[in-house]
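Visitor: I would like to learn how to read a protein model, feature by feature. Please show me the structure first.

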Amino acid sequence: MSADQVSERAVALVSAARTAGAAWAALPVDERARRLTVASKDLLAGADELANLVAAETHKPLGEAYSSDVLGVADLFGYWCSQGPQHLARRKARIPALDMPGKTGWIEREARGVIAVISPWNYPVALPMRVIVPALLAGNAVVFKPSEFTPRSGAWLVNKLRAHLGDVIAVLEGDGAAGAALIEARPDLIHFTGSTVTGRKVAVRGAELGIPVESELGGKDCAVVLDDALLDRTAAGVAWGIVHNAGQDCASVERVVVHARVADRFVPLLVEKLNATASQVPHLVTATQRQIVIAHIEDALAQGGTLLCGGVPADDATPIPPTLITGIPRSARAWAEESFGPIAVIETQHDDEALIAAANDTVYGLGGSVWGEDLTRAESVARRLRTGMVWVNNTAFTGAIPDMPWVGRGASGNGLTSSPEVLDHLTRPRVVLLDKSKSIEPWWYPYGDTLLDLMRNLIERQRVGGVMATVRTLGALNRRNKALSERS
Ligand code: NAD
(Lines give C-alpha, C1' and ligand atoms only; values in the text may rest on other atoms or scores of the structure.)
Protein backbone atom coordinates (compact mmCIF):
# COMPACT_ATOMS: atom_id res chain seq x y z
CA MET A 1 0.00 0.00 0.00
CA SER A 2 1.25 3.51 -0.76
CA ALA A 3 1.60 6.10 2.03
CA ASP A 4 -1.58 7.81 0.80
CA GLN A 5 -3.51 4.55 0.84
CA VAL A 6 -2.33 3.81 4.38
CA SER A 7 -3.46 7.28 5.51
CA GLU A 8 -6.85 6.86 3.82
CA ARG A 9 -7.30 3.47 5.42
CA ALA A 10 -6.39 4.84 8.84
CA VAL A 11 -8.92 7.67 8.48
CA ALA A 12 -11.61 5.24 7.26
CA LEU A 13 -11.02 2.82 10.14
CA VAL A 14 -11.10 5.54 12.79
CA SER A 15 -14.24 7.02 11.27
CA ALA A 16 -16.04 3.64 11.10
CA ALA A 17 -14.90 2.86 14.65
CA ARG A 18 -16.24 6.20 15.88
CA THR A 19 -19.67 5.54 14.32
CA ALA A 20 -19.88 1.97 15.58
CA GLY A 21 -18.45 3.03 18.94
CA ALA A 22 -21.34 5.41 19.63
CA ALA A 23 -23.87 2.56 19.53
CA TRP A 24 -21.50 0.27 21.44
CA ALA A 25 -21.00 2.83 24.22
CA ALA A 26 -24.77 3.25 24.52
CA LEU A 27 -25.21 -0.43 25.43
CA PRO A 28 -25.43 -1.29 29.14
CA VAL A 29 -22.06 -2.51 30.38
CA ASP A 30 -23.52 -5.94 31.22
CA GLU A 31 -24.55 -6.34 27.60
CA ARG A 32 -21.07 -5.38 26.40
CA ALA A 33 -19.65 -7.94 28.85
CA ARG A 34 -22.01 -10.58 27.50
CA ARG A 35 -21.04 -9.93 23.88
CA LEU A 36 -17.34 -9.90 24.74
CA THR A 37 -17.76 -13.22 26.55
CA VAL A 38 -19.36 -14.76 23.45
CA ALA A 39 -16.55 -13.39 21.26
CA SER A 40 -13.91 -14.70 23.65
CA LYS A 41 -15.30 -18.25 23.51
CA ASP A 42 -14.93 -18.23 19.74
CA LEU A 43 -11.46 -16.70 19.96
CA LEU A 44 -10.30 -19.26 22.52
CA ALA A 45 -11.65 -22.13 20.44
CA GLY A 46 -8.77 -21.22 18.12
CA ALA A 47 -6.16 -21.23 20.91
CA ASP A 48 -3.95 -23.81 19.17
CA GLU A 49 -3.96 -21.86 15.92
CA LEU A 50 -3.16 -18.64 17.76
CA ALA A 51 -0.33 -20.19 19.83
CA ASN A 52 1.23 -21.62 16.68
CA LEU A 53 1.00 -18.26 14.93
CA VAL A 54 2.66 -16.49 17.87
CA ALA A 55 5.40 -19.13 18.07
CA ALA A 56 6.04 -18.86 14.32
CA GLU A 57 6.18 -15.06 14.31
CA THR A 58 8.28 -14.63 17.46
CA HIS A 59 10.40 -17.84 17.43
CA LYS A 60 9.38 -18.41 21.05
CA PRO A 61 8.84 -22.03 22.19
CA LEU A 62 5.22 -23.14 21.76
CA GLY A 63 4.89 -23.62 25.54
CA GLU A 64 5.89 -19.98 26.09
CA ALA A 65 3.44 -18.82 23.39
CA TYR A 66 0.67 -20.54 25.35
CA SER A 67 1.77 -19.41 28.80
CA SER A 68 2.69 -15.83 28.07
CA ASP A 69 0.26 -14.91 25.31
CA VAL A 70 -2.74 -17.20 24.82
CA LEU A 71 -3.54 -18.16 28.42
CA GLY A 72 -3.34 -14.48 29.30
CA VAL A 73 -6.16 -13.72 26.86
CA ALA A 74 -8.43 -16.27 28.52
CA ASP A 75 -7.68 -14.75 31.93
CA LEU A 76 -8.25 -11.20 30.67
CA PHE A 77 -11.70 -11.90 29.26
CA GLY A 78 -12.67 -13.86 32.39
CA TYR A 79 -11.54 -11.06 34.68
CA TRP A 80 -12.97 -8.09 32.80
CA CYS A 81 -16.30 -9.62 31.88
CA SER A 82 -16.95 -10.66 35.49
CA GLN A 83 -15.27 -7.85 37.48
CA GLY A 84 -15.29 -4.99 34.99
CA PRO A 85 -18.94 -3.91 35.32
CA GLN A 86 -18.54 -3.20 39.05
CA HIS A 87 -15.41 -1.12 38.40
CA LEU A 88 -17.25 0.83 35.73
CA ALA A 89 -20.30 1.51 37.91
CA ARG A 90 -21.09 5.14 38.64
CA ARG A 91 -20.51 6.44 42.15
CA LYS A 92 -22.58 8.84 44.19
CA ALA A 93 -20.83 12.05 45.20
CA ARG A 94 -20.71 13.20 48.81
CA ILE A 95 -22.37 16.63 48.75
CA PRO A 96 -22.63 18.77 51.90
CA ALA A 97 -26.34 18.89 52.67
CA LEU A 98 -26.23 21.97 54.92
CA ASP A 99 -25.12 24.59 52.39
CA MET A 100 -25.98 22.66 49.20
CA PRO A 101 -29.40 21.13 49.94
CA GLY A 102 -31.49 19.13 47.48
CA LYS A 103 -28.63 17.97 45.29
CA THR A 104 -27.65 14.51 44.05
CA GLY A 105 -24.42 14.02 42.15
CA TRP A 106 -23.01 11.10 40.20
CA ILE A 107 -19.57 10.43 38.80
CA GLU A 108 -19.73 8.17 35.79
CA ARG A 109 -16.97 6.69 33.67
CA GLU A 110 -17.43 7.79 30.09
CA ALA A 111 -15.63 6.02 27.26
CA ARG A 112 -12.94 8.08 25.54
CA GLY A 113 -14.14 7.20 22.03
CA VAL A 114 -11.68 5.65 19.59
CA ILE A 115 -8.48 4.33 21.13
CA ALA A 116 -5.42 3.71 18.96
CA VAL A 117 -3.48 0.75 20.37
CA ILE A 118 0.06 0.61 18.95
CA SER A 119 2.06 -2.46 19.99
CA PRO A 120 5.50 -4.07 19.79
CA TRP A 121 6.37 -7.62 18.79
CA ASN A 122 7.58 -9.28 21.98
CA TYR A 123 4.13 -10.36 23.27
CA PRO A 124 1.99 -9.77 20.19
CA VAL A 125 -1.23 -11.02 21.80
CA ALA A 126 -0.97 -10.47 25.55
CA LEU A 127 0.22 -6.86 25.42
CA PRO A 128 -2.43 -5.35 23.15
CA MET A 129 -5.21 -7.39 24.72
CA ARG A 130 -4.39 -5.96 28.16
CA VAL A 131 -5.66 -2.68 26.74
CA ILE A 132 -8.15 -3.83 24.10
CA VAL A 133 -10.34 -5.93 26.43
CA PRO A 134 -10.91 -3.27 29.14
CA ALA A 135 -11.13 -0.54 26.48
CA LEU A 136 -13.97 -2.33 24.70
CA LEU A 137 -15.74 -3.23 27.91
CA ALA A 138 -15.63 0.43 28.96
CA GLY A 139 -17.46 1.35 25.75
CA ASN A 140 -14.58 2.46 23.54
CA ALA A 141 -13.85 1.44 19.98
CA VAL A 142 -10.29 0.34 19.16
CA VAL A 143 -8.07 0.55 16.10
CA PHE A 144 -5.10 -1.75 16.67
CA LYS A 145 -1.72 -1.31 14.94
CA PRO A 146 0.27 -4.50 15.58
CA SER A 147 4.03 -4.62 15.09
CA GLU A 148 5.15 -5.06 11.50
CA PHE A 149 7.09 -8.10 12.78
CA THR A 150 4.00 -9.89 14.12
CA PRO A 151 1.20 -8.85 11.76
CA ARG A 152 -0.53 -12.22 11.44
CA SER A 153 -1.19 -12.68 15.18
CA GLY A 154 -2.65 -9.17 15.31
CA ALA A 155 -4.87 -9.66 12.29
CA TRP A 156 -6.05 -13.06 13.55
CA LEU A 157 -7.10 -11.58 16.90
CA VAL A 158 -9.00 -8.69 15.40
CA ASN A 159 -10.74 -10.79 12.76
CA LYS A 160 -12.06 -13.12 15.46
CA LEU A 161 -13.40 -10.18 17.46
CA ARG A 162 -14.81 -8.34 14.43
CA ALA A 163 -16.91 -11.39 13.55
CA HIS A 164 -18.87 -10.67 16.74
CA LEU A 165 -18.39 -6.97 17.39
CA GLY A 166 -18.15 -5.37 13.94
CA ASP A 167 -16.38 -2.04 13.40
CA VAL A 168 -15.76 -1.28 17.08
CA ILE A 169 -12.49 -3.18 16.62
CA ALA A 170 -10.25 -2.92 13.57
CA VAL A 171 -6.67 -3.60 12.59
CA LEU A 172 -4.30 -1.34 10.66
CA GLU A 173 -1.30 -3.31 9.47
CA GLY A 174 2.03 -1.80 8.56
CA ASP A 175 5.23 -0.37 9.98
CA GLY A 176 5.97 2.83 11.88
CA ALA A 177 4.49 4.91 9.04
CA ALA A 178 1.15 3.15 9.59
CA GLY A 179 1.39 3.93 13.32
CA ALA A 180 2.07 7.58 12.49
CA ALA A 181 -0.87 7.60 10.02
CA LEU A 182 -3.15 6.21 12.70
CA ILE A 183 -2.22 9.10 14.99
CA GLU A 184 -2.92 11.61 12.19
CA ALA A 185 -6.39 10.04 11.83
CA ARG A 186 -7.19 11.68 15.20
CA PRO A 187 -8.16 8.92 17.62
CA ASP A 188 -9.30 10.11 21.05
CA LEU A 189 -6.50 8.38 22.96
CA ILE A 190 -3.23 6.78 21.89
CA HIS A 191 -2.07 3.79 23.90
CA PHE A 192 1.50 3.20 22.80
CA THR A 193 3.75 0.31 23.88
CA GLY A 194 7.25 0.22 22.46
CA SER A 195 10.70 1.74 22.70
CA THR A 196 11.40 4.91 24.62
CA VAL A 197 12.73 6.59 21.46
CA THR A 198 9.53 5.98 19.46
CA GLY A 199 7.37 6.67 22.51
CA ARG A 200 8.79 10.18 22.75
CA LYS A 201 8.05 10.87 19.07
CA VAL A 202 4.48 9.64 19.59
CA ALA A 203 4.11 11.81 22.71
CA VAL A 204 5.29 14.90 20.82
CA ARG A 205 2.88 14.33 17.94
CA GLY A 206 0.05 13.53 20.34
CA ALA A 207 0.70 16.80 22.19
CA GLU A 208 0.72 18.76 18.90
CA LEU A 209 -2.63 17.28 17.93
CA GLY A 210 -4.09 17.52 21.44
CA ILE A 211 -4.49 13.76 21.75
CA PRO A 212 -3.57 12.22 25.12
CA VAL A 213 -0.87 9.55 24.96
CA GLU A 214 -0.45 6.67 27.39
CA SER A 215 2.98 5.14 26.94
CA GLU A 216 4.60 1.94 28.13
CA LEU A 217 8.23 2.06 27.19
CA GLY A 218 11.56 0.37 27.76
CA GLY A 219 13.05 -0.95 30.99
CA LYS A 220 16.38 -1.78 32.63
CA ASP A 221 15.24 -3.85 35.59
CA CYS A 222 17.64 -4.71 38.38
CA ALA A 223 17.62 -7.79 40.63
CA VAL A 224 18.95 -6.97 44.10
CA VAL A 225 20.32 -10.06 45.89
CA LEU A 226 20.60 -9.59 49.67
CA ASP A 227 22.97 -11.63 51.83
CA ASP A 228 20.15 -13.74 53.32
CA ALA A 229 18.67 -14.79 49.96
CA LEU A 230 17.97 -18.47 49.29
CA LEU A 231 20.79 -18.63 46.79
CA ASP A 232 19.80 -21.59 44.63
CA ARG A 233 16.18 -20.44 44.25
CA THR A 234 17.28 -16.86 43.66
CA ALA A 235 19.73 -17.91 40.95
CA ALA A 236 16.96 -19.91 39.24
CA GLY A 237 14.53 -16.97 39.44
CA VAL A 238 17.04 -14.36 38.27
CA ALA A 239 18.17 -16.63 35.40
CA TRP A 240 14.54 -16.93 34.28
CA GLY A 241 14.23 -13.15 34.58
CA ILE A 242 17.23 -12.67 32.28
CA VAL A 243 16.44 -15.31 29.68
CA HIS A 244 12.67 -15.83 29.29
CA ASN A 245 11.39 -14.71 25.90
CA ALA A 246 15.10 -14.47 24.99
CA GLY A 247 15.30 -11.35 27.15
CA GLN A 248 12.83 -9.53 24.88
CA ASP A 249 10.72 -8.44 27.81
CA CYS A 250 10.45 -4.84 28.96
CA ALA A 251 10.81 -6.15 32.52
CA SER A 252 13.52 -8.71 31.94
CA VAL A 253 16.40 -8.61 34.43
CA GLU A 254 19.23 -6.71 32.72
CA ARG A 255 21.23 -5.75 35.82
CA VAL A 256 22.03 -7.79 38.94
CA VAL A 257 23.54 -6.33 42.12
CA VAL A 258 24.60 -8.81 44.77
CA HIS A 259 25.70 -8.40 48.38
CA ALA A 260 29.44 -9.00 48.70
CA ARG A 261 28.91 -11.53 51.51
CA VAL A 262 27.20 -13.99 49.15
CA ALA A 263 28.64 -13.00 45.76
CA ASP A 264 31.23 -15.81 45.73
CA ARG A 265 28.51 -18.42 46.13
CA PHE A 266 25.72 -16.71 44.14
CA VAL A 267 27.56 -15.80 40.93
CA PRO A 268 28.64 -19.38 40.03
CA LEU A 269 25.09 -20.59 40.72
CA LEU A 270 23.66 -17.94 38.40
CA VAL A 271 26.18 -18.83 35.68
CA GLU A 272 25.26 -22.51 36.05
CA LYS A 273 21.53 -21.77 35.70
CA LEU A 274 22.10 -19.49 32.71
CA ASN A 275 24.23 -22.05 30.91
CA ALA A 276 21.59 -24.68 31.56
CA THR A 277 19.03 -22.62 29.57
CA ALA A 278 21.28 -22.08 26.53
CA SER A 279 19.68 -24.73 24.33
CA GLN A 280 16.20 -23.23 24.91
CA VAL A 281 16.96 -19.64 23.97
CA PRO A 282 15.71 -18.90 20.46
CA HIS A 283 16.83 -16.26 17.97
CA LEU A 284 15.69 -12.72 18.65
CA VAL A 285 12.71 -11.61 16.60
CA THR A 286 14.51 -8.94 14.57
CA ALA A 287 17.99 -8.69 13.08
CA THR A 288 18.20 -5.07 14.28
CA GLN A 289 17.63 -6.12 17.86
CA ARG A 290 20.32 -8.81 17.52
CA GLN A 291 22.79 -6.17 16.33
CA ILE A 292 21.97 -3.94 19.32
CA VAL A 293 22.53 -6.77 21.81
CA ILE A 294 25.81 -7.80 20.17
CA ALA A 295 26.93 -4.15 20.21
CA HIS A 296 26.21 -4.00 23.96
CA ILE A 297 28.35 -7.10 24.59
CA GLU A 298 31.20 -5.76 22.43
CA ASP A 299 31.05 -2.35 24.08
CA ALA A 300 31.12 -3.94 27.55
CA LEU A 301 34.18 -6.02 26.66
CA ALA A 302 35.90 -2.99 25.10
CA GLN A 303 35.34 -1.13 28.38
CA GLY A 304 37.14 -3.78 30.41
CA GLY A 305 34.23 -6.10 31.16
CA THR A 306 34.66 -9.81 31.81
CA LEU A 307 32.38 -12.47 30.38
CA LEU A 308 31.15 -14.89 33.03
CA CYS A 309 29.18 -16.85 30.43
CA GLY A 310 27.93 -16.46 26.89
CA GLY A 311 29.21 -13.71 24.61
CA VAL A 312 29.02 -12.78 20.95
CA PRO A 313 27.78 -15.82 18.96
CA ALA A 314 30.21 -17.43 16.54
CA ASP A 315 28.01 -16.91 13.48
CA ASP A 316 24.64 -15.54 12.37
CA ALA A 317 23.03 -18.96 12.57
CA THR A 318 23.67 -19.18 16.33
CA PRO A 319 21.24 -17.49 18.74
CA ILE A 320 22.76 -15.10 21.28
CA PRO A 321 23.54 -17.30 24.30
CA PRO A 322 22.60 -16.32 27.87
CA THR A 323 25.34 -13.86 28.72
CA LEU A 324 26.54 -12.45 32.05
CA ILE A 325 29.13 -9.67 32.16
CA THR A 326 30.92 -8.14 35.13
CA GLY A 327 33.40 -5.33 35.74
CA ILE A 328 31.99 -2.62 33.48
CA PRO A 329 31.60 1.11 34.18
CA ARG A 330 28.01 2.31 34.55
CA SER A 331 28.49 4.44 31.44
CA ALA A 332 28.77 1.25 29.35
CA ARG A 333 25.79 0.61 27.09
CA ALA A 334 24.95 -2.70 28.78
CA TRP A 335 24.35 -0.81 32.05
CA ALA A 336 22.94 2.47 30.75
CA GLU A 337 20.71 1.38 27.83
CA GLU A 338 18.00 -1.23 27.41
CA SER A 339 19.57 -4.35 25.80
CA PHE A 340 16.36 -6.37 25.15
CA GLY A 341 18.18 -9.68 24.77
CA PRO A 342 19.32 -12.59 26.99
CA ILE A 343 22.17 -10.65 28.58
CA ALA A 344 22.76 -9.01 31.97
CA VAL A 345 25.51 -7.22 33.86
CA ILE A 346 26.37 -7.98 37.47
CA GLU A 347 28.17 -6.02 40.18
CA THR A 348 28.88 -6.50 43.89
CA GLN A 349 28.07 -4.02 46.70
CA HIS A 350 28.86 -4.11 50.41
CA ASP A 351 25.64 -2.91 52.08
CA ASP A 352 21.95 -2.34 51.46
CA GLU A 353 22.36 1.41 50.81
CA ALA A 354 24.89 0.77 48.06
CA LEU A 355 22.70 -1.98 46.56
CA ILE A 356 19.72 0.39 46.42
CA ALA A 357 21.80 3.21 44.94
CA ALA A 358 23.12 0.89 42.23
CA ALA A 359 19.64 -0.38 41.35
CA ASN A 360 18.35 3.20 41.09
CA ASP A 361 21.23 4.31 38.88
CA THR A 362 19.16 4.32 35.68
CA VAL A 363 16.71 6.58 33.87
CA TYR A 364 14.27 3.68 33.54
CA GLY A 365 11.72 2.73 36.19
CA LEU A 366 9.63 -0.25 35.15
CA GLY A 367 10.24 -3.15 37.56
CA GLY A 368 12.79 -4.34 40.08
CA SER A 369 13.21 -7.40 42.25
CA VAL A 370 14.68 -7.91 45.71
CA TRP A 371 15.69 -11.35 46.92
CA GLY A 372 16.08 -12.10 50.66
CA GLU A 373 14.59 -14.25 53.43
CA ASP A 374 13.92 -11.44 55.94
CA LEU A 375 10.76 -10.13 54.29
CA THR A 376 10.64 -6.97 56.40
CA ARG A 377 14.12 -5.98 55.27
CA ALA A 378 13.57 -7.09 51.66
CA GLU A 379 10.30 -5.16 51.47
CA SER A 380 11.89 -2.02 52.86
CA VAL A 381 14.69 -2.26 50.26
CA ALA A 382 12.09 -2.93 47.55
CA ARG A 383 10.04 0.13 48.50
CA ARG A 384 13.08 2.30 47.90
CA LEU A 385 13.49 1.22 44.28
CA ARG A 386 12.26 3.96 41.93
CA THR A 387 10.10 1.68 39.79
CA GLY A 388 6.42 1.18 39.09
CA MET A 389 6.60 -2.46 40.23
CA VAL A 390 8.72 -4.18 42.86
CA TRP A 391 8.76 -7.90 43.41
CA VAL A 392 10.21 -9.61 46.49
CA ASN A 393 11.59 -13.09 45.81
CA ASN A 394 10.12 -13.20 42.33
CA THR A 395 10.14 -11.23 39.13
CA ALA A 396 7.89 -9.92 36.37
CA PHE A 397 5.21 -12.65 36.38
CA THR A 398 2.53 -10.25 37.69
CA GLY A 399 2.00 -9.15 34.09
CA ALA A 400 -0.13 -12.28 33.84
CA ILE A 401 -2.48 -11.14 36.65
CA PRO A 402 -5.31 -9.01 35.25
CA ASP A 403 -6.02 -7.45 38.68
CA MET A 404 -2.51 -5.95 38.99
CA PRO A 405 -1.36 -2.91 37.03
CA TRP A 406 1.65 -3.19 34.73
CA VAL A 407 3.16 0.21 35.26
CA GLY A 408 6.43 2.11 35.09
CA ARG A 409 7.82 5.55 35.77
CA GLY A 410 10.57 7.75 34.44
CA ALA A 411 11.79 6.77 30.97
CA SER A 412 9.62 3.63 31.19
CA GLY A 413 6.55 5.70 30.41
CA ASN A 414 3.44 7.21 31.99
CA GLY A 415 0.91 4.54 31.09
CA LEU A 416 -0.32 1.27 32.49
CA THR A 417 -2.22 -1.81 31.46
CA SER A 418 -4.52 -4.22 33.31
CA SER A 419 -6.24 -3.74 36.69
CA PRO A 420 -9.12 -1.40 37.57
CA GLU A 421 -6.58 1.47 37.53
CA VAL A 422 -6.36 1.22 33.74
CA LEU A 423 -9.94 2.51 33.59
CA ASP A 424 -8.69 5.90 34.81
CA HIS A 425 -6.93 6.14 31.45
CA LEU A 426 -9.45 4.43 29.20
CA THR A 427 -12.37 6.54 30.42
CA ARG A 428 -12.99 10.12 31.53
CA PRO A 429 -15.01 10.92 34.61
CA ARG A 430 -18.33 12.56 33.82
CA VAL A 431 -20.16 14.56 36.44
CA VAL A 432 -23.96 14.50 36.51
CA LEU A 433 -25.72 16.78 39.03
CA LEU A 434 -29.44 16.73 39.77
CA ASP A 435 -30.91 19.62 41.78
CA LYS A 436 -34.42 19.57 43.23
CA SER A 437 -33.95 22.75 45.29
CA LYS A 438 -36.63 25.44 44.67
CA SER A 439 -34.89 28.38 46.31
CA ILE A 440 -32.28 30.94 45.18
CA GLU A 441 -28.80 29.61 46.00
CA PRO A 442 -27.09 31.51 48.83
CA TRP A 443 -23.96 32.08 46.64
CA TRP A 444 -25.93 33.56 43.70
CA TYR A 445 -26.35 37.34 43.11
CA PRO A 446 -26.88 39.75 44.73
CA TYR A 447 -23.75 39.55 46.89
CA GLY A 448 -23.56 41.48 50.19
CA ASP A 449 -22.78 41.27 53.88
CA THR A 450 -24.99 38.24 54.49
CA LEU A 451 -22.94 36.26 51.95
CA LEU A 452 -19.69 37.22 53.68
CA ASP A 453 -21.23 36.31 57.03
CA LEU A 454 -22.27 32.90 55.70
CA MET A 455 -18.87 32.16 54.09
CA ARG A 456 -17.00 33.04 57.28
CA ASN A 457 -19.31 30.79 59.32
CA LEU A 458 -18.84 27.90 56.87
CA ILE A 459 -15.06 28.22 57.13
CA GLU A 460 -15.22 28.49 60.91
CA ARG A 461 -17.40 25.39 61.05
CA GLN A 462 -14.75 23.47 59.04
CA ARG A 463 -12.03 24.82 61.36
CA VAL A 464 -13.58 24.14 64.80
CA GLY A 465 -16.39 21.65 64.05
CA GLY A 466 -19.01 20.77 66.67
CA VAL A 467 -22.70 21.46 67.26
CA MET A 468 -22.38 25.15 68.16
CA ALA A 469 -20.51 25.96 64.94
CA THR A 470 -23.24 24.17 62.97
CA VAL A 471 -25.93 26.15 64.80
CA ARG A 472 -24.08 29.43 64.04
CA THR A 473 -23.77 28.41 60.37
CA LEU A 474 -27.48 27.62 60.17
CA GLY A 475 -28.18 31.08 61.61
CA ALA A 476 -25.97 32.68 58.93
CA LEU A 477 -27.70 30.61 56.25
CA ASN A 478 -31.14 31.75 57.44
CA ARG A 479 -30.01 35.39 57.43
CA ARG A 480 -28.68 35.00 53.90
CA ASN A 481 -31.86 33.28 52.65
CA LYS A 482 -34.00 35.96 54.26
CA ALA A 483 -31.93 38.71 52.60
CA LEU A 484 -32.27 37.01 49.21
CA SER A 485 -36.01 36.47 49.49
CA GLU A 486 -36.56 40.12 50.57
CA ARG A 487 -34.74 41.32 47.43
CA SER A 488 -36.42 38.95 44.97
P1 NAD B 1 9.19 0.25 18.55
O2 NAD B 1 9.13 1.51 19.34
O3 NAD B 1 10.18 0.16 17.46
O4 NAD B 1 7.76 -0.04 17.86
C5 NAD B 1 6.58 -0.16 18.61
C6 NAD B 1 5.39 0.08 17.71
O7 NAD B 1 5.40 1.45 17.28
C8 NAD B 1 5.40 -0.74 16.42
O9 NAD B 1 4.09 -1.17 16.13
C10 NAD B 1 5.88 0.25 15.37
O11 NAD B 1 5.47 -0.05 14.07
C12 NAD B 1 5.24 1.53 15.86
N13 NAD B 1 5.88 2.78 15.45
C14 NAD B 1 7.16 2.99 15.04
N15 NAD B 1 7.34 4.31 14.75
C16 NAD B 1 6.16 4.94 14.96
C17 NAD B 1 5.72 6.29 14.85
N18 NAD B 1 6.52 7.27 14.45
N19 NAD B 1 4.45 6.57 15.16
C20 NAD B 1 3.62 5.61 15.60
N21 NAD B 1 3.97 4.30 15.72
C22 NAD B 1 5.23 3.97 15.41
O23 NAD B 1 9.36 -0.91 19.61
P24 NAD B 1 9.62 -2.46 19.32
O25 NAD B 1 11.03 -2.62 18.89
O26 NAD B 1 8.54 -3.00 18.47
O27 NAD B 1 9.42 -3.08 20.79
C28 NAD B 1 10.43 -3.17 21.74
C29 NAD B 1 10.30 -2.07 22.79
O30 NAD B 1 9.02 -2.13 23.42
C31 NAD B 1 11.32 -2.23 23.91
O32 NAD B 1 11.89 -0.99 24.22
C33 NAD B 1 10.47 -2.73 25.08
O34 NAD B 1 11.00 -2.44 26.36
C35 NAD B 1 9.20 -2.00 24.83
N36 NAD B 1 8.10 -2.64 25.56
C37 NAD B 1 7.57 -2.03 26.66
C38 NAD B 1 6.56 -2.64 27.40
C39 NAD B 1 5.98 -2.01 28.64
O40 NAD B 1 4.94 -2.45 29.09
N41 NAD B 1 6.61 -1.01 29.24
C42 NAD B 1 6.08 -3.88 26.98
C43 NAD B 1 6.64 -4.48 25.87
C44 NAD B 1 7.64 -3.86 25.15
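This is a predicted model: local features need pLDDT of at least 70, side-chain atom pairs count only at pLDDT 80 or more; totals for chains, interfaces and linings use all residues.

Visitor: Is cysteine 222 buried or exposed?

Guide: Buried means under 20% relative accessible area, exposed means over 50%, and partly exposed lies in between (1.4 Å probe, protein chains only). Cysteine 222 has a relative accessible area of 3%, so it is buried. Cysteine 81 is buried as well, at 15%.

Visitor: Next, salt bridges. How many does the rule give?

Guide: A salt bridge is a side-chain nitrogen of Lys or Arg within 4 Å of a carboxyl oxygen of Asp or Glu. By that rule there are 28 salt bridges. In one of them, aspartate 435 pairs with lysine 103, with the closest N and O atoms 3.2 Å apart. Aspartate 435 is in strand 17 and lysine 103 in strand 2 (residues 103-111), so the pair ties together parts 332 residues apart in sequence. Helices (H or I, at least four residues) and strands (E, at least two) are DSSP runs, numbered from the N terminus. Lysine 103 is buried at 16% relative accessibility, while aspartate 435 is partly exposed at 40%.

Visitor: Which residue forms a salt bridge with arginine 377?

Guide: Aspartate 227, with the closest N and O atoms 2.8 Å apart. This pair also links distant parts of the chain, 150 residues apart. Arginine 377 sits in helix 14 (residues 375-382), and aspartate 227 in the loop between strand 8 (221-225) and helix 9 (231-243). Arginine 377 is partly exposed, at 21%.

Visitor: What about glutamate 379?

Guide: Its side chain meets that of arginine 383 in a salt bridge (2.7 Å, N to O). Glutamate 379 is partly exposed at 37%; arginine 383 is exposed at 63%. Elsewhere, salt bridges that share partners join Asp227, Asp228, Arg261, Asp352 and Arg377 into one network.

Visitor: Where is glutamate 338 found?

Guide: In the loop between helix 12 (333-336) and strand 12 (343-349). Lys and Arg count as positive, Asp and Glu as negative; His and the chain ends are not counted. Glutamate 338 is buried yet has no salt bridge. The nearest side chain of opposite charge is lysine 220, 8.0 Å away. A polar atom of the glutamate 338 side chain lies 3.0 Å from the backbone nitrogen of glycine 219.

Visitor: Which residues make the nonpolar surface patch?

Guide: Patches use residues with over 30% relative accessible area and no salt bridge: like charges are joined within 9 Å, nonpolar side chains (Val, Leu, Ile, Met, Phe, Trp, Tyr) within 5 Å. Met100, Ile440, Trp443, Trp444 and Met455 make a patch of about 450 Å². Areas come from the Shrake-Rupley method with a 1.4 Å probe; for residues, only the protein chains shown count as cover. Tryptophan 444 is partly exposed at 44%.

Visitor: Finally, where does proline 268 lie?

Guide: In helix 10 (residues 260-277). Proline 268 is partly exposed, at 46%.

Terms used: Residues are numbered from 1 along each chain as its sequence is written. Side-chain values use heavy atoms; hydrogens and water are left out. A polar contact is a pair of N or O atoms within 3.5 Å; within protein, one must be able to donate a hydrogen and the other to accept it, and residues adjacent in sequence count only if both atoms are side-chain atoms.
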